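Dear colleague,

My notes on it follow directly after.

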Amino acid sequence: MLRLGCAGAPPTAPFQEGVLQHMNASGSADDDMDAVSDPFVPQIYDPESIDGLKLSLSWWLVGTARLWRNILDERLKSANQTQPRWRVLAWAQMMPGIKQTDLADRMGIASPTLVRILDSLEEQGMIQRREGARDRRVKEIHITEKAGPLVRDIANEVKLIRDTLLRDIPEDDLRVCLDVLSRIRERVPQLSEREVRGMRALPAAPQEEGPAG
């Protein structure tokens, strides 16, 4: 089980340094490095142009999300959990009795994938799947008493990571960033449903020919 201080306590200096060292070792830039000119981003456009700015933003968005996930994965290993399992536990704690179909929608995963995650958590004794009160065909998800302390510990750990990575960033900057990300996310379903179908298909990679026989 994870060993943490009290909830809401400020991150310790060693932990902060460990997170930042992990990001630097994974290819992230220093805090004072200019993102637009950073070699992390392949510059196929003028860095000062709008296309160059969009390219840098897309690379940093995807790369930072990957680094954040990697940090969470490493910390969750000590609790014998993974991010998908943790997300299930978090949703089940916030919304006791959440329907299995609703949980799949909120997590953005296919039902068979969720079933495998639920099977694993049920084997660990972390959740229970109960029949719905109104419809026995509906499965509702509840965390068990055994899972309670673990969920609280992981929640504290996730908060510690979040506070460390976002420390010293002004609230106004966080709100602007969240606004931009929200607008990007709102366009994803539109792109998936309409624009992707209208895009020109990418050329298939050439297949290597086998040995002549």
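By about how many helical turns are Lys159 and Asp163 separated in helix α6? Being four residues apart in α6 (residues 147-165), the two are separated by about one helical turn. Lys159 forms a salt bridge with Asp163, with 2.6 Å between the closest N and O atoms. The structure holds seven salt bridges (a side-chain nitrogen of Lys or Arg within 4 Å of a carboxyl oxygen of Asp or Glu).

As to provenance, this is a predicted model, in which local features need pLDDT of at least 70 and side-chain atom pairs count only at pLDDT 80 or more, while totals for chains, interfaces and linings use all residues. Residues are numbered from 1 along each chain as its sequence is written, and side-chain values use heavy atoms, with hydrogens and water left out. Helices are DSSP runs (H or I, at least four residues), numbered from the N terminus.

Helix α3 (residues 83-94) packs against helix α5 (residues 111-123) at an angle of about 80 degrees, their axes being 10 Å apart. Axes here are lines fitted to C-alpha atoms over the stretch in contact, and angles run from 0 to 180 degrees between N-to-C directions. The two helices, α3 and α5, are therefore roughly perpendicular to each other (65 to 115 degrees). Pro84, Arg85, Val88 and Leu89 in α3 meet Leu114, Ile117, Leu118, Ser120 and Leu121 in α5, contact meaning heavy atoms within 4.5 Å. By class, this contact has seven nonpolar, one polar and one charged residues (Ala, Val, Leu, Ile, Met, Phe, Trp, Tyr, Cys and Pro count as nonpolar; Asp, Glu, Lys and Arg as charged; the others, Gly among them, as polar).

The axes of α3 and α6 come within 11 Å and cross at roughly 110 degrees, which makes α3 roughly perpendicular to α6. Here Trp86, Leu89 and Gln93 in α3 meet Val151, Arg152, Ile154, Ala155 and Val158 in α6. The residues of this contact comprise six nonpolar, one polar and one charged.

Kind regards

Conventions:
Angles under 35 degrees count as roughly parallel, over 145 as roughly antiparallel, 65 to 115 as roughly perpendicular and the rest as oblique.
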